[in-house]
Structures are given as structure tokens and as C-alpha cells.
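Here is a short briefing on a structure. Please look over the sequence and the coordinates, then read on.

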Amino acid sequence: MLVSEAVLEDAHEDVHKTQPWNNPDAVPYIRFENVTKKFGDFYAVDDVSLDIYRHELFALLGGSGCGKTTLLRMLAGFEEPTSGKIFIDGVDMAGVPAYERPTNMMFQSYALFPHMSVEQNVAFGLVQDGVSRSEIKQQVAEMLGLVQMSKFAKRKPHQLSGGQRQRVALARSLIKRPKVLLLDEPLGALDKKLREQTQFELVNIQEKVGTTFVMVTHDQEEAMTMASRIAVMNEGVINQIGTPFELYEYPNSRYTANFLGQVNLIEGVLVDDDEKYAVIKSEEAGCDIYIDHAVQGHQGMTFWAALRPERLRITKEAPEESKYNCVAGKVEEIGYLGGISTYHVRLASGLRIKVTEPNSTRQIEPRYTWEDNVWVSWEAGAASVLNK
Amino acid sequence: MSNKRSTFLISALVFGFAFLYVPILLVIIYSFNEGKLVTVWAGFSTKWYVSLFSNDGMIDAAWNSLRIGVMSATLALALGTPAGLVMSRFGRFKGRTLFSGMIAAPLVMPEVITGLSLLLLFVTLEQMIGWPAGRGLSTITIAHTTFCAAYVAVVVQSRLSGMDTSVEEAAMDLGAKPAKIFFVITLPMILPALLAGWLLSFTLSLDDLVIASFVAGPGSTTLPMKVFSSVRLGVSPEINALATLIILTVSVMIIIASLMILRSERMRSRAAAGTEPQP
């Protein structure tokens with residue numbers, strides 16, 4: 001098929017616009033250069049370099065104590081890096097105090113001023129800048145409209161529900177039109193239902209105002225729903241940066257694979273490799289794992305095959321092609337979640353494999369029950385191969 | 001079984017409160033005594049209150065006490081608030097424990113020692129720089145400020161350490177400079193604690209006899225000193241009337257102060273609780 005070069009170029013430009021990180025010429029909006037932060041002898045952030053582009057909704061994801069909040073606080077100016085540099089829109093932020101930075105932050109506790117009304121809270125940033133009264137009034141009204149809190153303008157924070165406080169905090173941090181909005185666990189204090197609803201609202205607001213958002217979260221689902229890109233952090237270092245898709249489908253390590261979604265990790269040794277395929281022999285699984293692409297490494301090296309539970313099939317009979325990618329075991333646990341069912345299958349080696357199956361048809365009784373002997377199999381393309 | 005225990009508890013309660021409050025109650029009752037003898041009831045009258053208000057010495061002393069109380073409570077607030085702020089916001093530094101211990105020391109120091117050391121200080125200062133010239137209201141005020149400031153510092157510190165620091169950070173993030181943050185955000189939030197600290201200081205200053213006796217000079221007799229000296233010459237029913245008034249003033253102040261602390265506690269816990277929806 002012939003494709004004109006102009007069309008190709010257009011497509012290319014489009015990708016560069018929506019995915020600036022894939023454009024080598026794009027200038028990052030926020031840049032961390034070898035940033036380290038020590039608290040005493042403890043490295044909270046250890047030599048982190050990171051580029052974030054304009055209009056991104058970037059998520060820092062990690063467990064507690066991984067350094068994600070410290071990174072955010074250094075961006076806001078509440079902490080100074082021990083070494084390294086931070087640039088926002090090309091300006092070195094060293095020595096710039098928090099009150100002069102082009103960033104605003106939405107705090108995990110919302111940190112609303114308890115003695116001020118909703119209106120006064122939202123206006124606070126503009127009042128500091130000496131904006132005229134009529135201007136403030138108009139902007140506050142606009143912002144409260146954006147977060148649908150106009151009705152509550154005269155209330156005090158303690159008269160609001162958690163979700164309402166969250167909106168006020170968002171309005172307050174957006175009103176100065178910061179270059180970067182920092183969100184520290186923005187939905188952490190909301191209950192599950194409200195959280196899911198607010199995730200999309202937040203993304204919509206981000207698209208409307210066009211501000212660059214940097215968000216800290218420990219909730220992988222939240223990060224995946226909202227973020228354009230995610231940095232997975234662990235012990236002060238960034239483990240991997242990528243779009244939600246990249247991180248889920250192509251994790252670079254067991255840590256990332258484990259952190260995003262659920263995964264079965266099967267240890268094995270590379271026994272055969274070629275330009276087009278690789279075979280990993282696994283004692284744990286009791287079978288050979290056939291991979292449909294080449295693997296970087298030499299024979300005899302230890303690898304882990306990462307298999308997502310939803311990519312596995314569970315059957316009562318052995319599949320026809322049972323040389324590779326097929327293990328036998330016993331159903332040990334069943335979790336019925338309505339839409340899907342989770343099975344824990346214990347292999348002969350003692351390894352437990354998690355399989356999820358969609359319940360796409362209505363059933364009279366569960367397909368498998370405890371102590372059933374079953375086979376678990378997968379396609380050659382299902383596994384990603386990890387070496388660390 | 002439980003009945004027995006409750007009888008025991010009730011009698012313990014009654015005894016305890018009687019032990020504490022019967023003397024005070026007697027003072028109040030005898031302040032309305034008609035007769036001149038303090039210990040013999042001769043009928044109801046308010047004449048001792050009338051005679052109290054025409055006793056110039058007593059009124060002067062009361063006036064002195066009030067002035068000293070207001071002044072030293074205000075000064076203690078000005079000194080104690082920064083101290084409390086530093087103790088809760090300065091972070092860790094070497095000798096922090098020593099510093100906080102030193103701030104709290106006047107609370108446990110025997111009054112005699114505080115009074116004596118301050119007297120020595122004032123005398124030395126007068127000889128060296130000529131100030132304070134003699135002893136009087138100003139020296140008592142200074143002396144009261146020293147120990148009241150410690151109380152204020154403790155109250156402010158405990159209020160601040162219970163406060164979410166991210167509120168102050170949020171103000172800074174929105175463009176407010178540190179000094180402004182203190183006046184616009186921190187101060188209003190700790191206002192109840194400040195008022196409570198002020199009332200507490202005022203009450204303590206009003207009560208103090210020992211320290212005031214050390215550093216007082218001619219013409220600066222405070223109410224407790226006046227009462228103490230006149231009782232030594234024989235108790236007059238007038239004193240009972242005065243005591244009743246003092247008890248009333250002090251109780252009202254303590255009650256207001258505790259209500260304020262309670263209210264700020266409640267507001268804090270309500271602000272922290274967060275998620276309960278309200279109509």
C-alpha cells in the first residue's frame with residue numbers, strides 16, 4: 001500500500017503533539033537533573049532525572065516512603081534538593097522560595113483555612129498577588145463554577161463533605177493559573193465510589209484549563225486511569241517511566257510488573273534463543289515457556305516470565321498443544337467477583353498461579369470448584385520476560 | 001453488689017468535694033453575716049460588701065492587682081507566643097530538650113526562689129543602670145510576666161503541635177510570605193489558645209502573693225498582699241466579702257478559658273475528621 005509522505009509526516013507530527021516524550025526535539029517543561037534529597041543518612045530521593053512535558057498529567061507512583069512526595073515537595077519549594085537541579089519552564093528553581101514558584105499544590109489533607117469561607121479560601125492566592133477586588137470576585141465565581149461549588153461559597157470548610165472540600169482545594173490551587181499544579185494523593189481521602197467519579201472529573205478539568213499536572217499517588221488504578229505517563233518509584237529511585245499501556249504491557253522489572261495490576265512471576269532459565277523466539281525452562285512451572293520474540297541475554301541466564309492473570313486460560317482437559325506454556329494444578333481458592341472470577345491454582349512445585357476469567361455468560365453454577373484438577377495455559381505472546 | 005459500690009463511690013465523691021469546697025462555701029456564707037465576729041452567724045446582710053467598697057486601701061490594692069494582671073498577661077502573651085511557636089515549629093536542633101525544659105521551668109520553680117532571684121536582679125540592675133528605679137508596679141509586672149509567659153508558651157505550643165502544618169504550607173504555596181502567614185493563618189487558628197493563655201496568666205497574676213511580696217515597693221500593694229496583711233491583724237468579715245468576689249472573678253475566668261480550649265479542640269477534631277457529609 002502506498003502512503004504519501006505528507007500523510008506520514010502529518011501522522012508523525014500528531015504523535016509528537018500528543019506524545020511529546022517521543023519527540024526528540026520537544027523541550028521538557030519540568031526537568032529534574034540528578035536530584036538527590038537526603039534526610040540525615042537516609043536517601044529519600046536518590047539521583048533522579050526526569051522530564052515532564054507541557055500539558056501532561058504525570059503521575060508519580062509508588063508505595064509509602066518511596067520518595068514520591070519528597071520529589072513533589074521539592075518541586076513546590078518546601079524542600080531543597082541536597083544536590084541536583086530542578087527546572088520549571090527553563091528556569092532554575094534553586095533558591096526560589098515556595099511563595100515565588102509558578103507552582104500550586106493541592107494537599108492530601110486539602111489544608112483548607114478553617115477560619116475562612118470557601119470563597120475566601122479560593123481567593124487567598126489572588127489576594128496575595130494584590131489583584132483588584134472586582135477581578136478577584138469574578139475569578140473566584142468562575143473557579144467555583146468550574147468545580148461546581150458556587151452554591152457553597154459562603155460555607156466554612158467544616159460544613160462541607162470530603163468531596164466538597166476536595167473541590168474547594170482544587171479551585172484554590174488552580175485560581176492563580178499556575179504553570180504546574182501539584183497534587184498530593186488528590187483522591188486519597190475520598191471513598192471508593194466518589195474516587196472513581198472524581199478521577200474523570202479531574203481529568204476533564206485538566207483538559208479544560210490545560211495546566212500541567214504532576215500527581216503523587218500510591219493507587220495504581222488511579223494513576224492508570226488519569227495519567228498520560230507514570231513514573232514508578234521505589235526506594236528513592238525511578239524504576240520505570242512510561243504510559244500506562246507501556247508499563248502494564250512492557251514492565252522492565254518484577255517491581256513494576258507487580259506494582260501495576262496483578263502478575264504471576266515464573267522463574268526459569270533461558271535454554272534456547274533465536275532471533276524470533278526464546279524458550280525458558282522453568283522448574284517452578286514444571287514446563288518450558290515459549291516466547292514469540294527474542295530475549296536479550298545468553299543461555300543459562302535466569303529470567304522471570306510475567307504473566308497477567310487475565311491472559312491465562314483455565315481448562316479441565318489438557319490443551320492439544322501441550323508441549324509449551326501449559327501447566328497442571330489444583331484449584332485452591334475461588335473468588336467470585338461478579339464480572340470476573342479469580343482462581344488460585346496450586347502447581348505440583350508448590351507455585352500458586354492466579355487466573356482470572358470473565359463471567360461472560362450467566363451460569364447456573366461455577367465452572368470449577370475447589371480441588372478440581374485443571375490445566376492453565378497461555379499464548380506465546382502473553383508473557384513478558386524480565387531479568388531483574 | 002453494684003449498688004454497694006456506688007454508695008461507696010458517692011460517699012467518696014461527697015467527701016472529696018466537701019474537703020475541697022466547704023471552706024470556700026463557708027467564706028461565701030459568712031461574707032453575708034450581719035455580725036462583726038467572723039465565726040458567729042448573726043443574720044443575713046450585705047453590709048460588708050458596702051463597707052468593702054468604701055475601704056480605700058482595699059480598692060487601691062484591687063486596682064493595682066487588676067492593672068498588674070492586665071499588663072503582665074498581655075506581656076506574657078507577647079513573649080510566650082513566639083516561644084511556643086519556636087518550640088513547635090523550629091524542628092529539631094541540638095539542646096532542644098534543654099530549651100523546652102528551660103521554658104517550662106518557671107512552672108515548677110518554687111515561688112520563693114523566683115521572687116528572691118528577681119528581687120536580687122532588680123536591686124542589682126538599679127545599682128548598675130538606675131532602672132528600675134525602686135520597686136513598685138513595674139517590677140511586679142515584670143516578675144509576673146516571667147512565670148506567666150511560661151504558661152502561655154506551653155498552651156500555644158500544645159495548640160500548634162496539634163495543628164496541620166500543611167495549612168501553613170498551603171498559604172506559602174499560594175504566595176504568602178512567612179510573616180504574613182503567621183498573622184493571617186497561624187494567629188487566627190491559635191486565637192482561642194491565645195485568649196485562654198491570657199486569661200490563665202491574668203488569673204495567676206491576680207492570685208500571686210509570694211513573688212509580689214518580694215518585688216513590691218511602697219505604694220504597690222496588691223490585693224493578695226493587702227488581704228494577707230489585714231488578716232494578720234485579725235480577720236474582718238470584709239475579707240470574706242472580698243474573697244467571695246475574688247472567687248467569683250477567678251471562677252468565671254477559668255470557666256471561660258476552659259470553654260475556649262474545649263471549643264478549639266472540638267474545631268480541630270472536626271476539621272481533622274473530614275469525610276462525614278453534612279446537609
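Chain A holds nine helices and 20 strands; here helices (H or I, at least four residues) and strands (E, at least two) are DSSP runs, numbered from the N terminus. Chain B has 11 helices and zero strands. This is a predicted model: local features need pLDDT of at least 70, side-chain atom pairs count only at pLDDT 80 or more, and totals for chains, interfaces and linings use all residues. Residues are numbered from 1 along each chain as its sequence is written, while chains are lettered from A and ligands numbered from 1 in the order in which they are written.

**Chain A overall**

- Along the principal axes, the C-alpha atoms of chain A fill a box of roughly 75 × 60 × 50 Å.
- Chain A has 388 residues, and 39% of them are buried. A residue is buried if 20 or more other C-beta atoms lie within 10 Å of its own, exposed if 12 or fewer, and partly exposed in between, with C-beta atoms placed from the backbone.
- Of the contacts in chain A with a separation of 6 or more, 63% are between residues 24 or more positions apart. Two residues are in contact if their C-beta atoms, placed from the backbone, lie within 7 Å.

**Open sheet in chain A**

- Four strands of chain A form an open sheet in the order β2-β1-β4-β5, with antiparallel pairing. Its edge strands are β2 (42-52) and β5 (91-92) of chain A, and each pairs on one side only.
- Two strands count as paired if DSSP finds at least two bridges between them. Strands of a sheet pair through backbone hydrogen bonds, either parallel or antiparallel.
- Strand β1 (residues 30-39) of chain A runs antiparallel to strand β4 (residues 83-88) of chain A, and five bridges join them.
- A:I30 has A:I88 in β4(A) as its bridge partner.

**Strand β8 of chain A**

- Strand β8 (residues 212-217) of chain A is mostly covered, with six of its six residues buried.
- Both faces of β8(A) are covered. One side carries A:T212, A:V214 and A:V216, the other A:F213, A:M215 and A:T217, and all are buried.
- Strand β3 (residues 57-61) of chain A pairs with β8(A) in the parallel sense over five bridges. A:T217 in β8(A) stands opposite A:L61.
- Strand β7 (residues 180-184) of chain A also runs parallel to β8(A), joined by five bridges. Here A:T212 in β8(A) is the bridge partner of A:V180.
- A right-handed β-α-β unit is made by β7(A), helix α6 (residues 192-209) of chain A and β8(A). A crossover is right-handed if, with the strands pointing away from the viewer, the path from the first strand over the helix to the second runs clockwise.

**An exposed residue in chain A**

- A:F245 lies in helix α8 (residues 244-249) of chain A. A:F245 counts as exposed because it has 9 C-beta neighbours inside 10 Å.
- A:F245 and A:R229 are 16 residues apart in sequence, and their C-alpha atoms are 9.1 Å apart in space.

**Chain B overall**

- The pattern of chain B along the sequence is α-α-α-α-α-α-α-α-α-α-α.
- Its C-alpha atoms fill a box of roughly 70 × 70 × 35 Å, taken along the principal axes.
- Chain B has 279 residues, of which 35% are buried.
- Residues 24 or more positions apart supply 79% of the contacts in chain B with a separation of 6 or more.

**Helices of chain B**

- α8(B) spans only 38 Å between its end C-alpha atoms, whereas a straight helix of 30 residues would span 44 Å at 1.5 Å a residue. The expected span is 1.5 Å times one less than the number of residues in the helix.
- α8(B) bends by about 55 degrees at B:L191, and a proline, B:P192, follows within four residues. The bend at a residue is the angle between axes fitted to the seven residues ending there and the seven starting there.
- B:R266 is in helix α11 of chain B. B:R266 is exposed because 11 other C-beta atoms lie within 10 Å.
- B:R266 and B:A12 are 254 residues apart along the chain, and 31 Å separates their C-alpha atoms.

**Where the chains touch**

- The contact takes 23 residues from chain A and 21 residues from chain B.
- On the chain B side, the elements giving two or more residues are α7 (165-173), α8 (178-207) and α11 (237-273) of chain B. α7(B) provides the largest share of that side, six residues.
- The chain B side divides into 11 nonpolar, five polar and five charged residues. Ala, Val, Leu, Ile, Met, Phe, Trp, Tyr, Cys and Pro count as nonpolar, Asp, Glu, Lys and Arg as charged, and the others, Gly among them, as polar.
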